[in-house]
Amino acid sequence: MNDISGTTALVTGASRGFGRAIAAHLSQAGARVVGVARDRERLEELSGTLGDGFTPVAADASDPVVAGQLIDAYRPRTLVLAAGASPLARPLQRQTWETFSRNWEVDVRQVFHWAREALLAPLDPGSVVIAFSSGAALMGSPLSGGYAGAKATIRFIAGYAADESARAGLGIRFTSVLPRLTPATDLGAMAVAGYAARQGIPVAEYVAGQGPVLTPDQVAKAVAGLAADPEYDRDAYLLTADGLRPAG
């Protein structure tokens with residue numbers, strides 16, 4: 001295990017959901033955390049809670065200039081790519097190409113730019129880049145347009161980047177995390193409500209049928225453990241309330 005205390009971590013999507021929980025957990029573990037999100041007000045609120053060890057950066061994580069500038073400025077040992085767009089919750093025939101491709105333009109674009117910059121810099125040996133995919137990459141997501149395909153591509157990008165790091169002897173770990181659908185975030189709650197309605201059952205019944213609920217706190221602890229332990233060397237991990245396991 002590597003101690004993350006005193007190291008720099010950069011978390012995109014840090015203003016809400018999983019990203020916020022991860023930023024808070026890493027900060028409380030002693031890391032110097034740079035939190036990136038477009039919502040300045042939420043970032044400032046988090047900064048007030050976490051104190052001087054947290055640096056808020058209000059910016060678009062999918063902007064390639066932002067990725068390059070912040071990699072150069074902070075050279076994080078831990079880079080967590082948790083930013084993503086909320087998909088339009090409609091079936092295929094009620095999507096347009098613009099709504100269908102939304103997660104490609106935000107989620108995939110973000111991971112591509114940051115992974116590229118991490119390889120080009122390059123980050124120091126022993127650094128780790130953790131990209132957020134989704135359990136939808138395995139199961140599909142018929143009410144979310146191109147969301148599932150975008151998340152599957154994020155997993156591929158992490159794997160490709162891991163291969164390039166190994167080929168060049170860079171010593172940077174790249175991996176992706178595929179969290180199971182949970183009502184514990186705004187995006188997850190929207191999806192759960194949509195799938196419950198699609199099946200004609202109450203939300204509580206749908207949630208109960210999915211097993212134990214994955215919480216943002218559990219996600220944050222799992223990601224911190226993944227970042228600290230170099231034994232986590234697979235290119236993708238499924239994350240449920242029971243913890244991490246290699247994705248099939």
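This dialogue works through selected features of a predicted model.

Trainee: Which residues have the most contacts inside the largest nonpolar core?

Mentor: In this predicted model, that core has 33 residues, and those with the most contacts inside it are Val11, Ile22, Leu26, Val33, Ile130, Phe132 and Val219.

Trainee: Which elements give two or more residues to this core?

Mentor: The strands among them are β1 (8–12), β2 (32–37), β5 (128–132) and β7 (236–240). The helices are α1 (17–28), α2 (40–50) and α10 (216–228). Of these contributors, α10 gives the most, with eight residues.

Trainee: What does phenylalanine 132 touch, not counting residues up to four places away in sequence?

Mentor: Phenylalanine 132 touches Phe18, Ile22, Val80, Leu81, Ala82, Lys151, Ile154, Val177, Pro179, Val219 and Val223. Ile154, one of these partners, is included in a second, separate core of 28 residues, together with Ala61, Ile71 and Ala161.

Trainee: Is serine 133 buried or exposed?

Mentor: The reading rests on a cut-off, since buried means under 20% relative accessible area. Serine 133 has 3% relative accessibility and therefore counts as buried. Serine 133 is placed in the loop between β5 and α6 (136–139). Its contacts, leaving aside neighbours within four places in sequence, are Lys151, Ala152, Ile154, Arg155, Ser176, Val177, Leu178 and Pro179.

Trainee: Where is valine 111, and what is it in contact with beyond its neighbours within four places in sequence?

Mentor: Valine 111 belongs to helix α5. With a relative accessible area of 2%, valine 111 is buried. Beyond those sequence neighbours, valine 111 is in contact with Leu81, Ala131, Ile154 and Ile157.

Trainee: Which backbone oxygen lies 2.8 Å from a polar atom of the side chain of asparagine 103?

Mentor: That oxygen belongs to alanine 85. Asparagine 103 is also in helix α5, and its relative accessible area is 0%, so asparagine 103 is buried. Leaving aside neighbours within four places in sequence, asparagine 103 is in contact with Ala85, Pro87, Val108, Ser144, Tyr147 and Ala150.

Trainee: How many cavities of 30 Å³ or more does a search of the whole structure find?

Mentor: The general idea comes first. Rolling a probe the size of a water molecule over the atoms shows where empty space is left. In this structure the search finds three cavities of 30 Å³ or more.

Trainee: Which residues of the lining lie nearest the centre of the largest cavity?

Mentor: Leu181, Thr182, Gln210, Pro212 and Val213 lie nearest the centre, out of 13 lining residues. By class, that lining divides into eight nonpolar, four polar and one charged residues.

Trainee: What lines the second largest cavity?

Mentor: Its lining is made of Pro87, Ala89, Leu143, Ser144, Met190, Ala191, Gly194 and Tyr195. Six of these residues are nonpolar, two are polar and none is charged. The volume of the second largest cavity is about 50 Å³. Pro87 and Ser144, both in this lining, are also among the contacts of asparagine 103.

Trainee: Is the peptide bond from alanine 121 to proline 122 cis or trans?

Mentor: The value to read is omega. Here omega is near -25°, and the peptide bond from alanine 121 to proline 122 is cis. Proline 122 lies in the loop between α5 (102–120) and β5, and alanine 121 is placed in the loop between α5 and β5 as well.

Trainee: What is alanine 121 in contact with, leaving aside its neighbours within four places in sequence?

Mentor: Its contacts are Ile71 and Arg75. At 32% relative accessibility, alanine 121 counts as partly exposed. Alanine 121 and serine 176 are 55 residues apart in sequence, and their C-alpha atoms are 20 Å apart in space.

Trainee: What is phi of arginine 75?

Mentor: Phi of arginine 75 is near 40°, a positive value in a residue other than glycine. Arginine 75 lies in the loop between α3 (64–74) and β4 (78–81). Its relative accessibility is 33%, so arginine 75 counts as partly exposed.

Definitions and conventions:
Residues are numbered from 1 along each chain as its sequence is written. This is a predicted model: local features need pLDDT of at least 70, side-chain atom pairs count only at pLDDT 80 or more; totals for chains, interfaces and linings use all residues. Side-chain values use heavy atoms; hydrogens and water are left out. A nonpolar core is a set of buried Ala, Val, Leu, Ile, Met, Phe, Trp, Tyr and Cys residues joined through side-chain atoms within 4.5 Å. Buried means under 20% relative accessible area, exposed over 50%, partly exposed in between (1.4 Å probe, protein chains only). Contact means heavy atoms within 4.5 Å. On a 1 Å grid over the protein atoms alone, a cavity is a set of points where a 1.4 Å probe fits but cannot get out, and a pocket is an open set with protein on both sides within 12 Å along at least five of seven lines; lining residues have an atom within 4 Å of a point. Grid points are joined across faces, edges and corners, and a volume is the space filled by probe spheres set on the points. Ala, Val, Leu, Ile, Met, Phe, Trp, Tyr, Cys and Pro count as nonpolar, Asp, Glu, Lys and Arg as charged, and the others, Gly among them, as polar. A polar contact is a pair of N or O atoms within 3.5 Å; within protein, one must be able to donate a hydrogen and the other to accept it, and residues adjacent in sequence count only if both atoms are side-chain atoms.
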